[in-house]
Amino acid sequence: MIIQMKKFGIILVSRPSGKEAWLAFQPVLNEISQDEEIIVDFDDVVVLTPSWADEFLTPLYKRFKDRVKLQNTNNPSVSATLAILAKQ
Amino acid sequence: MQNKLISIGRAAQLLGVSIDTLRRWDLAGRLQSTRSTPRGHRYYLQSDIEQYLQDVDTIARRWAEASQAIEPKPDVYCQTRDVFQGRLEQFQSRLSRITPLTTVSLVTAVAGEIGNNSYDHNLGNWPDIPGIFFSYNIRTRKAVLADRGIGILTTLKRVRPELASAQEALKVAFTETISGRFPEARGNGLKFVKSIIIDNPFTLYFQTGNAYLYLKQYDRDVIVQRAKTSIRGCFATIGFEGLL
């Protein structure tokens, strides 16, 4: 499945909104079949921060591990955020 | 002298904006005029114009340092995160008129991270005024964020009781992954801010307590110094003069 991040907003900065996105998306994630890939698409996202990403991407990775793939990560705030999270 | 009234034309000239802009600002409450009658001509108090012309960071610093707690003016006051998110979106949209999206995204991310940090660490604990002061000046390429919260030392002492000064706490906040909200695994925010500032033509002044740091492009070390005056919460100025 593809998760289009822009559907959560194009300025993704605060922890509460990241957490809210994660919780709201649970019903969809619960329907994913066992070996389906999860593609996270950052197309059209203007701003992403580690605070938001830590509430959404960190638990997503924890749950689905290497089934998570990222695409359209060339926005500088997206790539800077991913670089910081990768150091954790 | 301070309360001399000046015409809208003169005010526009002093501020370097059009009369129409001043009318819009008046309606939006950003810079309010005085009228003799409801339909009369708009006049401005000289003191209001002078204050508007002052650096955004001077006004914010004064607010953050003041012993007496006063709510900031509504156009710069973000009592809750929702208000801050709205203003941040407005900031992003205004920035995108002067600079490419790549830069807009980084400056907005830095401001967003610093501003949200204030709410994350002070929720339920604000000593007097809840929320933050957020203002910017596109003309001078500057954004300022301040809070009257508990400050970084108090926050980090919860997980690092051995921290003895604001200087040590500020250094830790910008160089180590540590969270003042244990047991949550977090604490990347200010490292992220640092990584963006040193890789781009931006500057950052950040103060908490009597400790401050100044970061600019290509800096590798975080040098924390002692400030002349103390701010209980946090005060940050982001400069993007490199985009002029």
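**Exercise 1. Which domains does the domain assignment of chain B give?**

Before we start: this is a predicted model, where local features need pLDDT of at least 70, side-chain atom pairs count only at pLDDT 80 or more, and totals for chains, interfaces and linings use all residues. Residues are numbered from 1 along each chain as its sequence is written, chains are lettered from A and ligands numbered from 1 in the order in which they are written, and side-chain values use heavy atoms, with hydrogens and water left out.

Step 1. Domain 1 covers 5-54 and domain 2 covers 65-243; bounds like these come from an automatic or database domain assignment.
Step 2. Now check the spacing: the C-alpha centres of the two domains of chain B lie 31 Å apart.

**Exercise 2. Describe the interface of chain B and chain A.**

Step 1. Count contacts (heavy atoms within 4.5 Å): 23 residues of chain B touch 21 residues of chain A.
Step 2. Look at the area. Together the chains bury about 1,700 Å², 64% of it on carbon and sulfur atoms. Buried area is the accessible area (1.4 Å probe) that two parts lose on being put together, summed over both.
Step 3. Look for salt bridges (a side-chain nitrogen of Lys or Arg within 4 Å of a carboxyl oxygen of Asp or Glu). The rule finds 1 across this interface. Asp120(B) pairs with Arg15(A), with the closest N and O atoms 3.9 Å apart.
Step 4. See which helices (DSSP runs of H or I, at least four residues, numbered from the N terminus) take part. H5 (81-95), H6 (101-122) and H9 of chain B each supply at least two residues to the side that touches chain A. H6(B) gives the most, with 10 residues.

**Exercise 3. Which residues form salt bridges with Asp128(B)?**

Step 1. One partner is Arg148(B), with the closest N and O atoms 3.0 Å apart.
Step 2. Another is Arg232(B), at 3.1 Å. Arg232(B) sits in strand E8 (residues 224-239) and Asp128(B) in the loop between H6 and E5 of chain B, so this pair ties together parts 104 residues apart in sequence. Strands are DSSP runs of E, at least two residues.
Step 3. Compare accessibility. Buried means under 20% relative accessible area, exposed over 50%, and partly exposed in between (1.4 Å probe, protein chains only). Asp128(B), at 29%, is partly exposed, while Arg148(B), at 3%, is buried.

**Exercise 4. Is Lys191(B) buried or exposed?**

Step 1. Find Lys191(B) in helix H9 (residues 189-198) of chain B.
Step 2. Lys191(B) is buried yet has no salt bridge. The nearest side chain of opposite charge, Glu176(B), is 7.9 Å away.

Notes
Lys, Arg positive; Asp, Glu negative; His and termini not counted.
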